[in-house]
Amino acid sequence: MRIRIVDAFTDRPFAGNPAGVLLLDAFPEDDWLQNVALEVNHAETAFAHRLPESAEADWALRWFTPATEVAMCGHATLATAHVLHTTGTHTGPVRFATRSGVLIATPADDGSITLDFPTAPLTAVEVPDGVTEALGAEPLTAFDTGPSVGDLVVELADEKTVRGLAPDHKALAAYSTRGLIATARAEDPARGYDFVSRCFFPNVGIDEDPVTGSAHTALAPYWSERLGRPDLTGLQASPRSGLVRTGLRGERTLLTGRAVTVIDGELHA
């Protein structure tokens, strides 16, 4: 069967976040899906199959890290929509049935794709004991993102601090279901982004995720309130880096980005 590796939230190869994408006739056993994701060994591998016309969505979609299945993944959804549209397998908006409900991906004439995701509920919490030591920087604030995202969001002093983080990944695992999102206001918005972030997810086998769509469902409401605008651009300042345009629409958050297919091959397992 065909397997593709797609770099998401970027317009050039070898940047953004790579995802495996497989279009199937049906979902095989979970062990097989997990083994393929482990073999691909990227942050997520997406598996999708077409649904009957009577269904509430067009395609069923699941995401696996090398270690486990996850409830939500933005970059692998963007990668899957990119494959469907660039191969002519699906035209126009595509509805995905997922563990997080029906998610819609809408292509634009300029080649970008906009994802419609649920906005993460943010609950202010005390900075947990030990986070400063594990992260290597002192948070200004901390927020829980709810069960769907499963992260702790912390704001740091500035962009330089976020970029310079070298955390103890094992120690970070104690503070949330999935991991920790570190963020700060952009030093110079004239560079084309309003805030920066880095994402560390040791509990799902990912020390640092290159560009995380689902994290921006929490970053969008946080920074929209702080900056007073519903539409923003976030830079995830990982070594690969990538841009996510966010649009806060109440209980929904729009995530817009581009994607590039870098490998198109065959899986023989």
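**View 1. Strands that line the largest pocket.** In this predicted model, strands β15 (231-236), β16 (242-249) and β17 (252-257) each contribute at least two residues to the lining of the largest pocket. Strands are DSSP runs of E of at least two residues and helices are runs of H or I of at least four residues, both numbered from the N terminus. With three residues, β16 gives the most to this lining. The space in the largest pocket amounts to about 240 Å³. Among the 16 residues that line it, Phe-9, Thr-10, Asp-11, Gly-242 and Leu-243 are the closest to its centre. A pocket is an open set of points on a 1 Å grid over the protein atoms alone where a 1.4 Å probe fits, with protein on both sides within 12 Å along at least five of seven lines; lining residues have an atom within 4 Å of a point. The volume is the space filled by probe spheres set on the points, which are joined across faces, edges and corners. The lining divides into four nonpolar, seven polar and five charged residues (Ala, Val, Leu, Ile, Met, Phe, Trp, Tyr, Cys and Pro count as nonpolar, Asp, Glu, Lys and Arg as charged, the others, Gly among them, as polar).

**View 2. The second largest pocket.** About 170 Å³ of space lies in this pocket. Of its 14 lining residues, Val-70, Ala-71, Ser-148, Val-149 and Arg-178 are the closest to the centre. Six nonpolar, five polar and three charged residues make up the lining.

**View 3. Aromatic pairs around Trp-223.** Five aromatic pairs are found in the whole structure (ring centres of Phe, Tyr or the six-membered ring of Trp within 6.5 Å; planes under 30 degrees apart are stacked, over 60 edge-to-face, the rest tilted). Phe-195 and Trp-223 are stacked, because their ring centres lie 6.0 Å apart and their planes meet at 10 degrees. Phe-195 belongs to strand β13 (residues 195-201) and Trp-223 to helix α6 (residues 216-227), so the pair ties together parts 28 residues apart in sequence. Tyr-222 and Trp-223 form an edge-to-face pair, with centres 5.2 Å apart and planes at 90 degrees. Tyr-222 is buried at a relative accessible area of 7%, and Trp-223 is buried at 0% (buried means under 20%, exposed over 50%, partly exposed in between, with a 1.4 Å probe and protein chains only). Ring pairs link Phe-143, Phe-195, Tyr-222 and Trp-223 into a cluster.

**View 4. Arginine charges over phenylalanine rings.** The charged end of Arg-178 sits over the ring of Phe-201, 4.0 Å from its centre. That of Arg-62 sits over the ring of Phe-27, 5.3 Å from the ring centre. The criterion places NZ of Lys or CZ of Arg within 6 Å of the ring centre and within 35 degrees of the ring normal.

**Notes.** Residues are numbered from 1 along each chain as its sequence is written, and side-chain values use heavy atoms, without hydrogens and water. Local features need pLDDT of at least 70 and side-chain atom pairs count only at pLDDT 80 or more, whereas totals for chains, interfaces and linings use all residues.
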